[in-house]
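Colleague: I have the sequence and the coordinates open. Can we go through the main features one by one?

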Amino acid sequence: MSEGTMQRRAQRDDQSDRTDRSEPGVLTDGGGRRVRRASRAGGVNRALAAAAALPVLLFAAACSSDSGSDDSAGSGSTARADSGGSSASETASAAPTVQAAAFKALPKACATLSAKTLTELVPKAKAKQGTSTDPEDRASCSWSSLDNNGVKGSQFRWLNVSLLRFESDATRGAGDRLAQEYYAKQVKDAQAVAGAKGTTSQAVAGTGDQATVVRYDLKKKEGAFKQQTVVARVENVVVTVDYNGAGLAGDKTPSADTLVKAAEKAAKEAVASVRAANGEGNGSAASGGSTGKPSASASPSKSSTASSAPSASPSVSPSASAAKAAAAGASPSASHNS
């Protein structure tokens, strides 16, 4: 081999070495041939594997997100449903409730007193039933008697029994409470009759749950009238008995004490009739009292109002009717309407 040939080979080898050094990814064998580094193939493989794994990871992440969202939505829906159910339950439980009225009926007003009692209080009198559009809630009956003694004058008596029943109402309240308020109002009205003199009040024992008698004198040109009003409450029913008397045409004035006892007797019988009409007792006066103890005080609370009475409350109180009858000096022009 010549020297020039050897020199050219050496130059080629030197050039090949420089090329190999400038390309880190290329190896040469002993014959000057270049060989790609295995690391380049490994890097490509790793890149391909990573690219293939990326969609899998994204899919898994999406599934996980959807699952969490569903669970959250489900929990929220359940919570809302639970909240809604709780609110409905609370609303239902908050609905107002009221105790049912004890008495559902009234007796016939003209049959509340026995024939014996009527003969004692208003001899030879005829009953006059009051008009009522709702006899189950209100009723009344009146009797008037004029015992003529000729030149000695005559004795006048007038008796009225009024019954008023109160039904329980979710807005207005329980029937017995409404009756109690009306009872107080009736007593107050009886104590405030115009022209009354010497007005007194006292409790009546053994007559319903509470009872009061109000008595006073009423002076008119026909004579001196003695007025007795007994107001009694038994459960959700108010009984008002008006009884007055006068000696006319020169006859003597009746005893107020005698008239009061007669009025109280009539009230006891009327209360007993209310009980009997609702399946309690036997209708006798003995069953009129609920406890046998004195009834409530004769001075009811002044806080009671007229709004406590039913929407169609009596247009004229029994006491006012009695006063008008007394003023006429004879039987009243019209019976008390309930």
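This is a predicted model: local features need pLDDT of at least 70, side-chain atom pairs count only at pLDDT 80 or more; totals for chains, interfaces and linings use all residues.

Colleague: What percentage of the residues count as buried?

Modeller: Buried means under 20% relative accessible area. The protein has 338 residues. Of these, the buried part is 37%.

Colleague: How many helices and strands does the protein have, and what percentage of the contacts with a separation of 6 or more come from residues 24 or more positions apart?

Modeller: The protein has 6 helices and 9 strands. For the contacts, take those with a separation of 6 or more. Residues 24 or more positions apart account for 63%.

Colleague: Which cysteines form a disulfide, and what is the handedness of the link?

Modeller: A disulfide needs sulfur atoms within 2.5 Å. The sulfur atoms of cysteine 110 and cysteine 141 are 2.0 Å apart, so this pair qualifies. By this rule the count is 1 disulfide. The angle about the S-S bond is 95°, and the link of cysteine 110 and cysteine 141 is right-handed.

Colleague: Where do cysteine 110 and cysteine 141 sit, and how many residues apart are they?

Modeller: Cysteine 110 is in the loop between α2 (38–93) and α3 (115–121). Cysteine 141 is in strand β4, residues 138–148. The pair links distant parts of the chain, with a separation of 31 residues.

Colleague: Staying in β4, which residue supplies a backbone oxygen 2.7 Å from a polar atom of the serine 145 side chain?

Modeller: Serine 145 is in strand β4. With a relative accessible area of 5%, serine 145 is buried. Its contacts beyond four places in sequence include Val122, Pro123 and Ala125. The backbone oxygen at 2.7 Å belongs to proline 123.

Colleague: What is the C-alpha to C-alpha distance between serine 145 and phenylalanine 156?

Modeller: Phe156 is among the contacts of serine 145, as are Gln155 and Arg157. Serine 145 and phenylalanine 156 are 11 residues apart in sequence. In space, their C-alpha atoms are separated by 5.8 Å.

Colleague: Why does the length of helix α5 agree with its residue count?

Modeller: Helix α5 has 22 residues, 256–277. At 1.5 Å a residue, these should span 32 Å. The end C-alpha atoms agree with that, because their separation is 32 Å.

Colleague: Which glycine with a positive phi follows α5?

Modeller: Look at the residue that follows the helix. Its phi is near 80°. It is glycine 279.

Colleague: Is alanine 270 buried or exposed, and which residues does it contact beyond four places in sequence?

Modeller: Alanine 270 lies in helix α5. Its relative accessibility is 0%, so alanine 270 counts as buried. Its C-alpha atom is 9.0 Å from that of threonine 240, 30 residues away along the chain. The contacts of alanine 270 are Thr112, Leu113, Val161 and Val239.

Colleague: Which side chain makes a polar contact with that of glutamine 210?

Modeller: Glutamine 210 is in strand β7. Its relative accessible area is 5%, so glutamine 210 is buried. The polar contact between the side chains is 2.7 Å, and the partner is arginine 233.

Colleague: How does lysine 124, with its positive phi, count: buried or exposed?

Modeller: Lysine 124 is in the loop between α3 and β3 (127–129). Its phi is near 60°, positive in a residue other than glycine. Its relative accessible area is 88%, so lysine 124 is exposed.

Notes:
Residues are numbered from 1 along each chain as its sequence is written. Side-chain values use heavy atoms; hydrogens and water are left out. Helices (H or I, at least four residues) and strands (E, at least two) are DSSP runs, numbered from the N terminus. The expected span of a helix is 1.5 Å times one less than its number of residues. Buried means under 20% relative accessible area, exposed over 50%, partly exposed in between (1.4 Å probe, protein chains only). Contact means heavy atoms within 4.5 Å. A polar contact is a pair of N or O atoms within 3.5 Å; within protein, one must be able to donate a hydrogen and the other to accept it, and residues adjacent in sequence count only if both atoms are side-chain atoms.
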